[in-house]
Amino acid sequence: MNNLEDYLPYVSSIWPHLLETIIVRGEGIYIWDKTGRRYLDFTCGIGVTNTGHCHPRVVTAIREQAGRLLHLQANTAYHEPMLLLIAALQEVVPSELDTFFFTNSGAEAVESAVKLARQASGRTNVIAFERSFHGRTLGTMSLTSSKIIYRAGYQPLMPAVFFAPYAYCYRCPKAEANPEMYGFDKGCDWALEQVNFLLKSQTAPEETAAILLEPVLGEGGYIVPPSHFLLGLREICNKHDILLIVDEVQSGFGRTGRFFALEHFGIVPDILIMAKSMASGLPLSAIAVRGEIMNRWKPGSHGGTYGGNALACAASEATIRVLQEEKLVENSARFGKKLMDRLNSLKESNQCIGDVRGLGLMVGVEFVVPGGRSPDGKKAKAIQKSCLDDGLLLLTCGTDENVIRWIPPLIINENHLEEALNIFEHALKVTANS
Ligand code: PLP
């Protein structure tokens, strides 16, 4: 065999790599490269390794399951790990969502939710939100508008998708024009008005199958909406018999300091989408659905070979038990607050930080040109690069890529947080004039 480096040219280069090195091991909050260099991984596989890299209980569950049964197609027969997983999921999802359908990726689960909504309602149209991200398959990129790169060159997309603006308070046009009168904290409901406007102008309620949204916008900039946005959407859905689909692919499994972000807002959707951290790194996703809606899905009309794979289900059940028994959801809330406090105090002394927002350990720092609100993507990239040089991996997000997102594993402790924040503070200093 040649050196590993000799194979690098054969890796498809559709995405630039954050780290130009070969990673050989992960444990807890750290990963190590071939040379033995250690990195603090605050990217968490983009919100996948919430229990940390290679959590021993998850690894044991995978090992034991691998020796018993690797796979059985879900239509062939019921298998034990899937049923054990359903029992665990019932403890963490709203009790109204009592049936489950398993797939392999976030995008596949979103596709399933939309297909189910269409068939169950007999309606065609879907309302999604500007800046949202729901995946990169042909169907889900039609529902995605976080960045042009996901759509350019792939048009025409799936029709019957209508976009409304998300409740992005920091950039609310009404509040920006008249800050004295408007602002979500003052009860402004501009974003809800826009959804109602869509229903009056572009997609008739009786043709609208679903409203699909992320309860906290992920790829679009780590944007936390006010509660009354989600409550208002629930009311609109109730009024017009439209299904509310909540995509918790990134925000679920303890990320926001609650098991699911929807708990912060007091709403229950008709369909809940989950993936990413669900199985701590094994490919698994699911939708949880009100049984009465699931019953309207024509049996056998949708499915796949690997959905609900036995190994992934075993990893997922272990993941839920670890989150519960090690109190990682509480840890997320606790350290999220500490992180926000420190970032907010850095905001006071750094004019390049326009906004700090988040729930639990899903925290965004938005960079702007000092003195205004113009997005500064260059600054965010410079900060990210400086942190990387000092061994801290962070990702950016947002349409203008001007938001640094903080998504560390939920096993984080004081030392990890201190180490990461010191590196970040240093990056702010060294990039002060860039
Ligand atoms: N939905 C949300 C909110 C996401 O953040 C993502 C991925 O980042 C997806 C869907 C798509 O998931 P996947 O990449 O597993 O297809």
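1. The ligand sits in the largest pocket. A pocket here is an open set of points on a 1 Å grid over the protein atoms alone, where a 1.4 Å probe fits, with protein on both sides within 12 Å along at least five of seven lines. A molecule sits in a pocket if more than half of its atoms lie within 2 Å of the pocket's grid points. This is a predicted model: local features need pLDDT of at least 70, side-chain atom pairs count only at pLDDT 80 or more, and totals for chains, interfaces and linings use all residues. Residues are numbered from 1 along each chain as its sequence is written, and side-chain values use heavy atoms, with hydrogens and water left out.

2. Which residues are around the ligand? Among them are Ser 105, Gly 106, Ala 107, Phe 133, His 134, Asp 247 and Lys 276. The cut-off is a residue heavy atom within 4 Å of the molecule.

3. Polar contacts come next (pairs of N or O atoms within 3.5 Å; within protein, one must be able to donate a hydrogen and the other to accept it, and residues adjacent in sequence count only if both atoms are side-chain atoms). Ala 107 uses a backbone N or O atom, 2.8 Å from a ligand oxygen. Asp 247 places a side-chain N or O atom 2.7 Å from a ligand nitrogen. For Lys 276, a side-chain N or O atom is 3.0 Å from a ligand oxygen. On its own the ligand has 390 Å² of accessible area, and the protein covers 84% of it. Such areas come from the Shrake-Rupley method with a 1.4 Å probe; for residues, only the protein chains shown count as cover.

4. Thr 319 belongs to helix 11, residues 310–325. Helices are DSSP runs of H or I, at least four residues; strands are runs of E, at least two; both are numbered from the N terminus. Is Thr 319 buried or exposed? It is buried, because its relative accessibility is 1%. Buried means under 20%, exposed over 50%, and partly exposed in between (1.4 Å probe, protein chains only).

5. Ser 280 lies in the loop between strand 9 (271–274) and strand 10 (285–289). It counts as buried, because its relative accessibility is 15%. Ser 280 is not a glycine, yet its phi is positive, about 55 degrees.

6. Ile 46 also deserves a look. It has a positive phi of about 55 degrees and is not a glycine. Ile 46 is in helix 1, residues 44–47.

7. The peptide bond from Gln 155 to Pro 156 is cis, with omega near 0 degrees. Pro 156 lies in the loop between helix 5 (138–141) and strand 6 (161–164).

Key:
On a 1 Å grid over the protein atoms alone, a cavity is a set of points where a 1.4 Å probe fits but cannot get out, and a pocket is an open set with protein on both sides within 12 Å along at least five of seven lines; lining residues have an atom within 4 Å of a point.
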